[in-house]
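Try each task yourself, then read through the solution.

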Amino acid sequence: MRFRLDPQTKKQWRRFRSIRRGYWSLLIILALLLASVFAELLVNNRALVVHYQGDYYFPTYGAYLPGTTFGLDYQYETNYRELASVLAEKRASSSASAADRGNWVVLPLVPYSAYETDFKPEAFPPYPPNFSAKHYLGTDVTGRDILARLVYGFRLAMAFAVILLFCNYVIGIALGCTMGFWGGAFDLLFQRLIEIWSNVPFLYVIMIIASVIVPNFWTLVIAMVIFGWMNMTWYMRTSTYKEKAREYVSAARALGATNTRIVFVHILPNTISIIVTFIPFSIASGVTALTALDYLGFGLPPPTPSWGELLSQGTANLRAPWIVSSVVAAMSLVLLMVAYIGEAIREAFDPKQFTFYE
Amino acid sequence: MRNHFLLLPALLAFAACSSDAPPPAAGAADEATPPEDVVVASDTHFVADLPTYPSVPLPDGLQWITNEDDPVFAAPDAKPGGTYRTYITGFPLTLRLHGPDAASGSYVAPKRSMYMSLVDIHPNTLKFIPALATHWAFGADGKTVYYKLDPRARWSDGEPVTADDYVFSREMRLSDFIVDPFGKNYFTDQIVGVVKHDDHTISVVGSSPKPPDEMLYEYGLSPEPRHFHKLDGDWVKNYDWRLEPTTGAYHTARVEKGRFIELERTANWWAKDLKYYQHRFNVDKIRVEVIRDDDVALQYFLRGELDAYSLATPARWYEKAVGEPFDKGYIHKIQFYNDVPREARGMWLNMDVPLLNDKNIRLGIAYAMNWDAVLRTVMRGDYPRLRMHFEGYYWGYSNPTIQPRGFDLAKADQYFTTAGFTQRGPDGIRTKGGQRLAVNVSYASPDLSSQLVLLREEAKKAGLELNLNLLDPSTWGTQVGEKKHEIVMLTFGTGLTPTFWQHYHSVNAHKPQTNNITNMDDKDLDKLIDEFESGTNLETRLRLSHQIQQIIHDAADYIPSYKIPYVREAYWRWVKLPEGYGTRTSTEMTDPFSLGLLWIDPDTAKETLEARDAGRAFDPVTIVDEKWRVN
């Protein structure tokens, strides 16, 4: 791989690692992302493993298993928490057969999904955090586990931010590069177009869209991309302009390199520091944008787990402080870590450390 | 008699032309003056040459009916005086009673309550009692009601209320100047004539024969002040903020746009000594403040700047109405059971959607909705399940045997299987040749989400997927209006008798902007409804009503959710209610407008505020009154 072998990149990586809080933040965020990709194994109402009548079942990723699979009297999806207690009871009873004794269930760490409502007979939700019921952060006003909703909400928000970032950057970089590289009338035209487009009040447009259609994940991504790609074009245009005037570009051109080759092989790699520096901040803004929209009620429809929806529930129910504190803490931590990473990257790519003043 | 009505529009047209010259009184609020933010009561005479109408002789043999024998329901010891402070969440777009924007917003009810009708319904006995009319009689044709107007009746500006004001009222509602197509329809299709017999006798003619009680209820039209309304092309604009004289106890005295509206008790209100109107509408002034957020209003209330606060939702009753003012007895809480026709709250299935056109699917969905779980948990067990559309109607109109369908997976399974949804996909949702058993549920209030997420999880057990579509209220309204919904969460209000025709007759199916939102289209049902609509014999109508309700229930196009069998409110202890707190039909305990039974005790107010400043406590009070509890 070209980038990894590049001594410059190696230096930057070393510099990045030396900034401890950014480095650790990156590790933690990556770990969280990885964990959230496999959230079904950690936070789920489906069991990890069921050993029943000598057979092993792994319900997590497969099709649903009706209750009858495990000798329960219903056709719908097994309630594995219930199953665990039923099997435990049978094991403990004196009349248990050998097969009964061998039955067991392994539940995930948090045995709740983000959607199911859990009601207790003696009280009404929201329930405060309760370790014995495994509601580690309590429940929201409809009895859904807050930790489960936080985890799945995080995954969704991150996926949203990453996809958004990818789309915005592809458009922004492509257009910015072209503008900088070609210059002239093309550049002038698009500058004006972007200036006009930037002045469309994007939040209002999203609100209008949300009031006409029920937004889903992809319509929100598309809407945000339509109004979010402009930023990157300015930076890419400037740096392409700058790089284009450098001697190595002239040299490449003199050697007969095509425009495509010059852009992709010579100019783009030299603007990578700008792109990389912006990534963490774009992620942060993607997450906050989705949260803000959900908070205002213009985001993803219920019952999608989302931080914004939790936040609005929390502020409306300050008597249940665990709702608002969970989501505010989670949000602050993630944004703080992203900011640390951003800071460390900026530092690592800062050319100043190689500058010597005489 | 009909020929006379044809003459009337021509007469009115003439009258309208003759009043073209600017009346001398109109100068005060001329169209040319820019609208100001403050409106105060001023001259209300805008029409110089009042339209008058010809009299038609009364038929012979009318049996005049009145009712002075029912018990009074107001408290004889009520103290007059004081100011009552309440709030609305949005400022009205207009003060007009008719025309664009006149029927929307939270100020509509107070606005309308300032006007009396011809007769009233006694809130406990449900019998008709005199109001603007002292006597009434029914014509031999079965569709005419005659009224003797109370000659003492006066508009709040002192002008007498006469038969001409009633004839004018219908003419006005038919006028294109007021831009009110719905009203115009009603006065074309339902009320086909208003006739003056002498200055204080009128008759109202309906389009088809109806039972007498229903005619009295439905034809109880309000007069319009002839001297106030100059009907022309600018009426809608000109009358947005003009303060109309009223016939009820209050009139609007001062308006600051966007901030508040103040109503004042009319000095020497003409009805103040009438049997059923004594000791009512006791406060001198009602200040309706605009507070745009209910939670903010709660803070005002807790500080004592509002007199009462509705505790309609369980969350408010249990969680928001707690704390010192309640514990120390400064604020009282009341839960008052009433006996009124129940609003039809719940899920309406659009039968024009191919999936929902299958009755088995509709039945399966009904059995897959776990409303009992929702009521037990999300609604805290506070509300009973609603049985059906048109529940709790008086005089036995409601079919007593219909029971709502409960959560029953075996039955849901049976119906879905019959409909061909036999397979289940990997997520447990049923499929039929690749089609998923999924329906969209549209709703506009975010509060419903907590109910729907539970229904959704429970429905999964039956292999049914509910996709929740929380829409912006206007989008939701458009969707239902155009009948583009699949299932919609919506609450229909009530009337005195069931309104089958607008909800279930096939004339109203498959076309936009009607109340038949399930697109019920059943020719046999149509026949019964037509028979019901034209029936005048109560027994026949009750039988038909039960029969129709059974057919509707069997069609399973509506899944009832719950009813609220009581009123819950909180009020400062200086607000006094009569013995028994309210009436059988009370839908609000602390309401200064429509029944106006409350009064404000200045001594208690002083005592309470002093106690609060000193930190002294009274006994906490939570009243639960079950006198009128029906279920």
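**Getting your bearings**

Chain A splits into domain 1 (2-38 + 147-354) and domain 2 (45-107), with bounds that come from an automatic or database domain assignment. This is a predicted model, so local features need pLDDT of at least 70 and side-chain atom pairs count only at pLDDT 80 or more, while totals for chains, interfaces and linings use all residues. Residues are numbered from 1 along each chain as its sequence is written, and chains are lettered from A and ligands numbered from 1 in the order in which they are written.

**Exercise 1. Find out how far apart the centres of the two domains of chain A are.**

**Exercise 2. Work out how H11(A) packs on H13(A).**

Step 1: locate helix H11 (residues 230-244) and helix H13 (residues 259-296), both in chain A. Helices (H or I, at least four residues) and strands (E, at least two) are DSSP runs, numbered from the N terminus.

Step 2: their axes are 10 Å apart, at an angle of about 135 degrees. Axes are lines fitted to C-alpha atoms, for helices over the stretch in contact, and angles run from 0 to 180 degrees between N-to-C directions.

Step 3: H11(A) and H13(A) are therefore oblique to each other (under 35 degrees is roughly parallel, over 145 roughly antiparallel, 65 to 115 roughly perpendicular, and the rest oblique).

Step 4: on the H11(A) side, the contact includes Tyr235(A) and Met236(A), and on the H13(A) side it includes Ile267(A) and Ile274(A). Residues are in contact if their C-beta atoms, placed from the backbone, lie within 7 Å.

**Exercise 3. Count the residues in contact between chain A and chain B.**

On chain A there are 20, and on chain B there are 23.

Notes
Two residues are in contact if their C-beta atoms, placed from the backbone, lie within 7 Å.
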